[in-house]
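Subject: Structure handover

Hello,

Here is the structure for your files. My notes on it follow below.

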Amino acid sequence: KIFISGIGTVPFRVLKRDTEKNLALLKVDRSDLVTVAFADYGSLRYGERVFLEGAIFAGNDLHNSVNEGIIKTYDQNTIKTNISEKLPLNGSPLFNIKGELVGLAVIDKNGQEKVIGTTLY
C-alpha cells in the first residue's frame, strides 16, 4: 500500500517499471484524488522559477520539504536546476510557478540530483 496525505494508505498496482531510473508508474483505484497538469516541455525557459516538493519518512515521522530554484539547463532527456538538497528526494515532483508538473527528481550515478522531464513518460 501507499500513503496519500489526508486519505491514508491505499492499494495500488504497478503498471510499468524503469529499474534503470528507479521509477514506477502506479495505478490507484480511486476517483477522488486531486490531479495536476503537465507543463509544456517546449515552453521551458532558462532562469524559469521551479519548486521541488518532497517527503521523507524518518521512522514514523513524515518530513515535508519544499525548495525553490531556477532552470539552469535542459535538453530532451534532463532538466538541471540550481536546487541543492541534502535529502535524497528521488521521485519528488518539480513544479513551475503555475503549479504544473515539470518533471521528477532522480539521483544520478554521481549522487547529483537532476530532473527527468514529464514528456518522456
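Which residues do ring pairs link into a cluster? They are Tyr 41, Tyr 46 and Tyr 74.

Some ground rules come before the details. This is a predicted model, where local features need pLDDT of at least 70, side-chain atom pairs count only at pLDDT 80 or more, and totals for chains, interfaces and linings use all residues. Residues are numbered from 1 along each chain as its sequence is written, and side-chain values use heavy atoms, with hydrogens and water left out.

**Overall layout**

The protein has 10 strands and zero helices. Both are DSSP runs numbered from the N terminus: helices are H or I with at least four residues, strands are E with at least two. Along the sequence the pattern reads β-β-β-β-β-β-β-β-β-β. The protein has 121 residues, and 28% of them are buried. Buried means under 20% relative accessible area, exposed means over 50%, and partly exposed lies in between (1.4 Å probe, protein chains only).

Contact here means heavy atoms within 4.5 Å.

**The tyrosine cluster**

The structure holds two aromatic pairs. The rule covers rings of Phe, Tyr and Trp (its six-membered ring) with centres within 6.5 Å; planes under 30 degrees apart count as stacked, over 60 as edge-to-face and the rest as tilted.

Tyr 41 and Tyr 74 make an edge-to-face pair, at 6.3 Å centre to centre and 80° between the planes. Tyr 41 sits in the loop between strand E4 (23-28) and strand E5 (49-58), and Tyr 74 in strand E6 (residues 61-74), so this pair ties together parts 33 residues apart in sequence. Tyr 41 is buried, at 12% relative accessibility. Tyr 74 is partly exposed, at 24%.

Tyr 46 and Tyr 74 make a tilted pair, at 5.1 Å centre to centre and 40° between the planes. Here too distant parts of the chain are linked: Tyr 46 is in the loop between E4 and E5, Tyr 74 is in strand E6, and they are 28 residues apart. Tyr 46 is exposed, with a relative accessible area of 57%.

**Salt bridges**

How many salt bridges does the structure hold? There are three. The criterion is a side-chain nitrogen of Lys or Arg within 4 Å of a carboxyl oxygen of Asp or Glu.

- Arg 13 bridges to Asp 29, with the closest N and O atoms 3.8 Å apart. This pair links distant parts of the chain: Arg 13 is in strand E3, Asp 29 is in the loop between E4 and E5, and 16 residues separate them. Arg 13 is partly exposed at 44%, while Asp 29 is exposed at 57%.
- Asp 32 bridges to Arg 30, with the closest N and O atoms 2.7 Å apart. Asp 32 is partly exposed at 48%. Arg 30 is partly exposed at 35%.
- Glu 68 and Arg 49 meet through their side chains at 2.8 Å, N to O. Glu 68 lies in strand E6 and Arg 49 in strand E5, so the bridge ties together parts 19 residues apart in sequence. Glu 68 is partly exposed at 42%. Arg 49 is partly exposed, also at 42%.

**A nonpolar surface patch**

Phe 12, Val 14 and Leu 26 form a nonpolar patch on the surface, with about 200 Å² of accessible area together. Patches take residues with over 30% relative accessible area and no salt bridge; like charges are joined within 9 Å, nonpolar side chains (Val, Leu, Ile, Met, Phe, Trp, Tyr) within 5 Å. Phe 12 belongs to strand E3 (residues 12-18). Phe 12 is partly exposed, with a relative accessible area of 30%.

**Around Ala 55**

Ala 55 is in strand E5. Its relative accessible area is 41%, so Ala 55 is partly exposed. Leaving aside neighbours within four places in sequence, Ala 55 is in contact with Leu 62, His 63, Asn 64 and Leu 89. Ala 55 and Ser 65 are 10 residues apart in sequence and 5.9 Å apart in space, C-alpha to C-alpha.

Best wishes

Key:
Accessible areas come from the Shrake-Rupley method with a 1.4 Å probe; for residues, only the protein chains shown count as cover.
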